[in-house]
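Please look over the complex shown here. The report that follows takes each chain in turn and then the contact between them.

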Amino acid sequence: MDAETRPRDHAPHTAHAIIPAYLLARLAASAHPGFAVASEAARATLAAPRAYRPVRASLDLSVDGGALVVEATPTPDRVVSDAKNTETLPGTRVRGEDDPATGDAAADEAFDGLGETFAFLWDAFERVSLDGAGGALLATVHYGERYDNAFWNGERMVFGDGDGEVFTGFTGSLTVIAHELGHGVIESAGGLVYAGQSGALNESIADVFGVLTEQHARGQRADDATWLIGEGIFTDAVQGTALRSMIAPGTAYDDDVLGQDPQPAHMRDFVDTTSDNGGVHINSGIPNKAFHLLATALGGFAWERAGRIWYLALTGGALTPTADFAAFAQVTLDTAAREYGEDSEEHTAVRAAWTGVGVIDDAASR
Amino acid sequence: MPHPADDPTNDDDPTTAAADLSVSVERSGGFAGLVRRWVVTVAPPDADRWYALIDACPWPQAASPESPPTIQPPGADRFCWTVSATAARERREASLSEQELDGPWRALVDAVRDAGASGAGSAPPPLSPSEQ
């Protein structure tokens, strides 16, 4: 039996639960001997105090022998709005979770990208939405006139249409969508001050969410992935394949007008600048490369171990908002040692990754 | 910014001095992290219009690129703007977040971008077609 519940805002339903109260109540009341255990568990669940926290879920119910098996997967609550080429947010609501496609490519691509990112966060890290509590995923498209940017405004991702000269638009790239939403996860996890090294870490971790979401959606292993951010968003007039490369920072584009990709891949090439909040989109190349080194050293699906270490380092409470590269490296080392063991393959690979980009040196890491 | 022609200490021919006015805009940051620059070197017939745009901006209240603002606007991947105006004897510079780029700042930046789209720029086009 397949059932999908779509609790409305006014409907009573439970928190963690994923399983709605009415279903628990039915199970609790069941006298069927085969359901004795489930019935008892349901009564206990209903008795436990819980906060009102709506989480949408899809339920998969099946009967295995005498047991009722309930598998629940949370589902997203997406709202896409259209700024209609103004700079007013949020704009007009054009698509909610249960609405059909709008026919507008930007709105529908944004909607789909929100869904892919939600699915990735749940599948890889069991995180329900950006805030970990099933919060709505909000997007605005068609922001501004020929606006060449996509950004996170603290509560929603906002997409311009591009100017048609450099960018064709942004919603076509899942790495861009997941990058913006990654900023939301980072903020919810305590944040990283958006300047200097902590800002470059903020950018880098958002890039990691970006590429991992795409790899997850495509079923790609670390060795098969492009590790490119924003592939395909440049117009044909631009000489470049993407905005950033995590395999080889500094090689994504080399164009007459845009210049050359300025990202360093090693601390010896760290760029001191007052532009871009202290080069947050430039020096992110260094932790980006460290993540790529770790993921390819461990192999397999990058989110399973490398991504998990980064995610736990971000959300584990040990990272301060002003952390620099070395401080983040230490938290990832501690996380790997705790999760996989001191001198485990993972712990050793994390150390090698940060050593490889010059954030920790060999002597200091012993 | 004093118009050189109004400056009693200015010994230069005002026409020549006015030709020295230039306004540049640098946009960094954004999701792409690309740096774009637009520069306008103002030709004398248009100097008054440009001085009006420049003088309308609250330069003293703006942060400088060397000492960026300490309070961070929320969010990520917003553009960062640096605007500078240089005349014969004076240079002004302001560092602005995207949220601060409003009112007179927006008018000045839009004018520079429209005029200096090529990145080089000599005489700016009229600010509006009606002024042609």
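How many residues has helix 3 of chain A, and what does it reach from its first C-alpha to its last?

## Helix 3 of chain A

Helix 3 covers residues 105-125 of chain A, 21 residues in total. Its reach from first to last C-alpha is 29 Å, close to the 30 Å expected at 1.5 Å a residue. The expected span is 1.5 Å times one less than the number of residues. Helices (H or I, at least four residues) and strands (E, at least two) are DSSP runs, numbered from the N terminus.

Buried residues of helix 3 of chain A include Ala106(A), Phe111(A), Leu114(A), Phe118(A) and Leu121(A). Glu109(A) and Thr117(A) are also among them. A residue is buried if 20 or more other C-beta atoms lie within 10 Å of its own, exposed if 12 or fewer, and partly exposed in between; C-beta atoms are placed from the backbone. Just after this helix, Glu126(A) has a positive phi of about 55 degrees.

## Basis and confidence

This is a predicted model: local features need pLDDT of at least 70, side-chain atom pairs count only at pLDDT 80 or more, and totals for chains, interfaces and linings use all residues. Residues are numbered from 1 along each chain as its sequence is written, while chains are lettered from A and ligands numbered from 1 in the order in which they are written.

The predictor gives the complex an ipTM of 0.81 and a pTM of 0.83. Confidence per residue is given as pLDDT, from 0 to 100. Chain A has a mean pLDDT of 89, with 84% of its residues at 70 or more. Residues 1-17 of chain A stay under 50. The model has 29 contacts beyond four places in sequence for that stretch. Two residues are in contact if their C-beta atoms, placed from the backbone, lie within 7 Å.

Chain B has a mean pLDDT of 78, and 70% of its residues reach 70 or more. Its residues 8-18 fall below 50, with 14 contacts in the model beyond near neighbours in sequence. Residues 118-132 of chain B are also below 50, and that stretch has 22 such contacts.

## Helix 7 of chain A

Helix 7 of chain A takes in residues 285-298. Its 14 residues should span 20 Å at 1.5 Å a residue, and its end C-alpha atoms are 20 Å apart, which agrees. Twelve of the 14 are buried, so this helix is largely enclosed by the rest of the structure.

Among the buried residues are Ile286(A), Pro287(A), Phe291(A), Leu294(A) and Leu298(A). Lys289(A) and His292(A) are buried too. The buried residues of helix 7 of chain A pack against helix 5 (196-218), helix 8 (303-315), helix 9 (325-340) and helix 10 (345-356) of chain A. Gly299(A) follows the helix with a positive phi, near 70 degrees.

## A sheet in chain A

Five strands of chain A form an open sheet in the order 5-4-6-8-7, with mixed pairing. Strands pair if DSSP finds at least two bridges between them. Strand 5 (92-96) and strand 7 (150-152) of chain A are the edge strands, and each pairs on one side only. Neighbouring strands of the sheet are turned by 20 degrees against each other on average, direction ignored. Axes are lines fitted to C-alpha atoms, for helices over the stretch in contact, and angles run from 0 to 180 degrees between N-to-C directions.

Strand 4 (residues 78-82) and strand 5 of chain A run antiparallel, joined by four bridges. Here Val80(A) has Arg95(A), in strand 5, as its bridge partner. Helix 4 (residues 174-188) of chain A lies across strand 7 and strand 8 (157-159) of chain A, at about 20 degrees to strand 7.

## Chain B

Chain B holds three helices and four strands. From the N terminus, the order is α-β-β-α-β-β-α. Of its 132 residues, 36% count as buried.

The four strands of an open sheet in chain B are ordered 2-1-3-4, with antiparallel pairing. Strand 2 (36-41) and strand 4 (91-97) of chain B stand at the edges with a single partner strand each, so one side of each has no neighbour in the sheet. Strand 1 and strand 2 of chain B are joined by six bridges. Glu26(B) stands opposite Arg37(B) of strand 2.

## Where the chains meet

The contact takes 22 residues from chain A and 19 residues from chain B. On the chain B side, strand 1 (22-29) and strand 3 (79-86) each supply at least two residues.

Methods
pLDDT is the predictor's confidence in each residue, from 0 to 100.
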